[in-house]
Amino acid sequence: MGLGTLTVAWIRMIRPPILFLCCFGALVSALNCAIYEQETLSIFQILLVILAPAFLSTGTMFHNDITDLESDKINRPKKPVPAGILKEKTVYYLGIGLMIGSIFLGTLVNYVDTGALNWQCGVLTLLLVLIGLYYNYYGKHHGLVGHMAVAFGVGAIPYWGGIAVFPDQPLLMLPLALAIFFQETGREIMVCAGDLVGDIKAGFKTTPVRHGRRRSMQFALFFYLLFIPIFPLSAWDW
């Protein structure tokens, strides 16, 4: 197998658009909080605010591809692991290593500047890792709770960025995180509606599998409607 094929396969595994959104979302959140607090972020802080979400996102995606393998063989057989381009064990252990690395990086965000470990950010990152593992192993099989687990991780992106640089200001990004949580829950239900056939064959008990496409789309609409009044609160002076 050629080097070019392997390179393309790993790039596909990383999901560059998702990786960019995670890193960019955390960084923009940290910079907004810094402006609000009239502080300046160091190069070291900026670097770790980018690297920690990158490790967490990539590690979770790698691990998810392994636990989702049976469904992908039906829904997405051309992905690198189902197609046999990348080895299952290599992707699995690399994903675990990246997730563990993200916890250490999150704890060290402010160490060079303040000499203190950011335990709040470290614990939040650990929580996100545990939720990611829960989803990969269990949540995707059990409907709405699984969708909410993914949504929690997405909503946590701006919240993580705020906690990373200002661990003593937990409310700065809370409204935005909550709004994104509701919106992403609706989106996850819609995505699973498109994977209905493969998920049924793989034995996944997603909301569309449990309740059908029509009813699940009503659930998705409900969460989108919850998002609308909460999102403007992001501009409120907390």
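This briefing describes the helices, nonpolar cores, cysteines and aromatic pairs of the structure above, together with several individual residues.

The model is predicted. Its largest nonpolar core holds 30 residues, among which Val49 and Trp160 touch the most other members. Helices H2 (16–36), H3 (43–67), H5, H7 (119–137) and H8 (144–165) each supply at least two residues of this core. The count of disulfides is zero, while the count of aromatic pairs is eight.

**Nonpolar cores**

- Val49 and Trp160 are the members of the 30-residue core that touch the most other members, and H8 gives this core its largest share, seven residues.
- Valine 49 touches Ala26, Leu27, Ala30, Val109, Trp160, Ala164 and Val165, when residues up to four places away in sequence are not counted.
- A second, separate core has nine residues, including Ala9, Met13, Ile66 and Leu86.
- As general background, nonpolar side chains tend to be buried together in soluble globular proteins.

**Helix H5 and methionine 99**

- Helix H5 comprises residues 88–107, and methionine 99 has its place there.
- The 20 residues of H5 should span 28 Å at 1.5 Å a residue, and its end C-alpha atoms are 30 Å apart, which agrees with that expectation.
- The buried residues of H5 are Val91, Gly95, Leu98, Met99, Gly101, Ser102, Ile103, Leu105, Gly106 and Thr107.
- Cover for these buried residues includes helix H1 (3–14), H3, H7 and H8.
- Methionine 99 has a relative accessible area of 2% and is therefore buried, the limit being under 20%.
- Neighbours within four places in sequence aside, methionine 99 is in contact with Phe55, Leu56, Gly59, Thr60, His63, Val129 and Leu133.
- Methionine 99 and alanine 52 are 47 residues apart along the chain, and a distance of 8.9 Å separates their C-alpha atoms.

**Serine 57 in helix H3**

- Serine 57 lies in helix H3 and counts as buried, at 8% relative accessibility.
- The contacts of serine 57, leaving aside neighbours within four places in sequence, are with Ile18, Leu19 and Cys22.

**Asparagine 110 in a loop**

- Asparagine 110 is found in the loop between H5 and helix H6 (111–114).
- The side chain of asparagine 110 reaches the backbone oxygen of alanine 164 at 2.9 Å.
- Asparagine 110 also touches Gln45, Gly115, Ala116, Asn118, Val165 and Pro167 among its contacts, not counting residues up to four places away in sequence.

**Cysteines**

- The closest cysteine sulfur to that of cysteine 33 is in cysteine 121, at 12 Å, which is too far for a bond because a disulfide requires sulfur atoms within 2.5 Å.
- Seen from cysteine 121, the closest cysteine sulfur is that of cysteine 33, again 12 Å away and too far for a bond.
- Cysteine 33 is buried, with a relative accessible area of 1%, and cysteine 121 is buried, at 0%.

**Aromatic pairs**

- The count of aromatic pairs is eight; one of them joins phenylalanine 20 and phenylalanine 24, which are stacked at 5.2 Å centre to centre with 15° between the planes.
- Phenylalanine 20 and phenylalanine 24 are four residues apart in helix H2, so about one helical turn separates them.
- An α-helix has 3.6 residues a turn, so residues three or four places apart point the same way.
- Phenylalanine 24 is partly exposed, with a relative accessible area of 44%.
- The rings of phenylalanine 182 and phenylalanine 223 have centres 6.4 Å apart and planes at 25°, so this pair is stacked, planes under 30 degrees apart being the requirement.
- That pair links distant parts of the chain, since phenylalanine 182 is in helix H9 (residues 174–194) and phenylalanine 223 is in helix H11 (residues 207–230), 41 residues apart.
- Both phenylalanine 182 and phenylalanine 223 are buried.
- One aromatic cluster is formed by Phe181, Phe182, Phe222 and Phe223.

Definitions and conventions
Residues are numbered from 1 along each chain as its sequence is written. This is a predicted model: local features need pLDDT of at least 70, side-chain atom pairs count only at pLDDT 80 or more; totals for chains, interfaces and linings use all residues. Side-chain values use heavy atoms; hydrogens and water are left out. Buried means under 20% relative accessible area, exposed over 50%, partly exposed in between (1.4 Å probe, protein chains only). Contact means heavy atoms within 4.5 Å. A nonpolar core is a set of buried Ala, Val, Leu, Ile, Met, Phe, Trp, Tyr and Cys residues joined through side-chain atoms within 4.5 Å. The expected span of a helix is 1.5 Å times one less than its number of residues. A polar contact is a pair of N or O atoms within 3.5 Å; within protein, one must be able to donate a hydrogen and the other to accept it, and residues adjacent in sequence count only if both atoms are side-chain atoms. Rings of Phe, Tyr and Trp (its six-membered ring) pair if their centres lie within 6.5 Å; planes under 30 degrees apart count as stacked, over 60 as edge-to-face and the rest as tilted.
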